[in-house]
Amino acid sequence: MAKQVPEGYEIYENPNAQVFLRKIQPKEILDEELAALHAELKAHAKPTKYIVDIKGKVITIFWTSLSGEPMTDLHQIFGFGRMRECEEKNAHFTPVFRLTLVDPEERLFIAERFCFKGRIDGWIHLFGGGGPDSLPTLARRYIEHLGEDSFYELF
């Protein structure tokens with residue numbers, strides 16, 4: 001059992017609570033870019049609905065499997081508050097949207113959403129507005145669609 005994290009390494013927890021020891025990742029995304037992204041998320045989503053994960057030049061937004069619909073019978077037995085707390089603690093997060101830095105000098109990103117069609121199942125570029133563009137512009141354009149039916153109309 002290790003008593004300390006080795007120099008040059010960090011503890012990383014992925015969006016679904018798996019913990020790893022990994023080499024410290026270079027910081028590619030600027031603090032002001034992340035602040036703009038978080039401001040859009042705060043304006044359009046509940047904090048328990050998403051997790052932002054950054055790996056190198058890629059920012060991935062994971063969305064929760066929570067439907068928001070109460071499980072009527074169990075809520076009546078255990079109480080709404082306790083059931084909601086349990087649901088949030090055990091939520092599974094799925095990657096649904098990502099922004100990738102493609103031009104570090106100009107700070108340009110592209111936006112992609114995950115396509116859940118059986119024959120595609122992968123990342124698709126959002127044409128006609130998915131960049132390259134600044135991260136704040138792409139966040140304003142697309143974050144409002146997370147968790148909405150309009151998200152599945154983005155191509």
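Let me begin with a term: a residue is called exposed when its relative accessible area is over 50%, buried when that value is under 20%, and partly exposed in between. By that rule K27 counts as exposed, because its relative accessible area is 61%. Please keep in mind that what you see above is a predicted model.

I shall start with the overall architecture. The protein has 4 helices and 7 strands. Followed along the sequence, these elements come in the order β-β-α-β-β-α-α-β-β-β-α. The protein has 155 residues, of which 37% count as buried.

I turn next to the salt bridges, of which the count comes to 5. I will discuss three of these. K27, the exposed residue I opened with, meets D31 through their side chains, with a distance of 2.5 Å from N to O. D31 has a relative accessible area of 48% and is therefore partly exposed.

The second salt bridge joins E112 and R98, whose closest N and O atoms are 2.7 Å apart. E112 lies in strand β6, residues 108-115, and R98 lies in strand β5, so this pair ties together parts that are 14 residues apart in sequence. Are these two residues buried or exposed, or something in between? E112 is buried, because its relative accessible area is 11%. R98, at 21%, is partly exposed.

D133 is partly exposed, with a relative accessible area of 24%. R141 is likewise partly exposed, at 32% relative accessibility.

Let me move on to the aromatic residues. The structure holds 4 aromatic pairs. One of them is formed by Y12 and F20; this pair is stacked, with 6.4 Å from centre to centre and 25° between the planes. Within this pair, Y12 is buried, with a relative accessible area of 10%, whereas F20 is partly exposed at 40%.

Another pair consists of F97 and Y142, and it is tilted: the centres are 6.1 Å apart and the planes are at 45°. Which elements does this pair connect? F97 lies in strand β5, residues 93-103, and Y142 in helix α4, so the pair ties together parts that are 45 residues apart in sequence. F97 counts as buried because its relative accessibility is 1%. Y142 is buried as well, with a relative accessible area of 6%.

How far apart in space are A139 and A39? The C-alpha atoms of A139 and A39 are 9.1 Å apart, although 100 residues separate the two in sequence.

Finally, I come to the surface charge. E144, E148, D149 and E153 gather there in a patch of negative charge. E144 lies in the segment after α4, a helix that covers residues 135-142. With a relative accessibility of 40%, E144 counts as partly exposed.

Beyond the helix, the segment after α4 holds E144, a member of the negative patch on the surface. Thank you for your attention.

Notes. Residues are numbered from 1 along each chain as its sequence is written. This is a predicted model: local features need pLDDT of at least 70, side-chain atom pairs count only at pLDDT 80 or more; totals for chains, interfaces and linings use all residues. Side-chain values use heavy atoms; hydrogens and water are left out. Patches are made of residues with over 30% relative accessible area and no salt bridge: like charges are joined within 9 Å, nonpolar side chains (Val, Leu, Ile, Met, Phe, Trp, Tyr) within 5 Å. Accessible areas come from the Shrake-Rupley method with a 1.4 Å probe; for residues, only the protein chains shown count as cover. A salt bridge is a side-chain nitrogen of Lys or Arg within 4 Å of a carboxyl oxygen of Asp or Glu. Lys and Arg count as positive and Asp and Glu as negative; His and the chain ends are not counted. The place of a charge is taken as NZ of Lys, CZ of Arg, CG of Asp or CD of Glu. Helices (H or I, at least four residues) and strands (E, at least two) are DSSP runs, numbered from the N terminus. Buried means under 20% relative accessible area, exposed over 50%, partly exposed in between (1.4 Å probe, protein chains only). Rings of Phe, Tyr and Trp (its six-membered ring) pair if their centres lie within 6.5 Å; planes under 30 degrees apart count as stacked, over 60 as edge-to-face and the rest as tilted.
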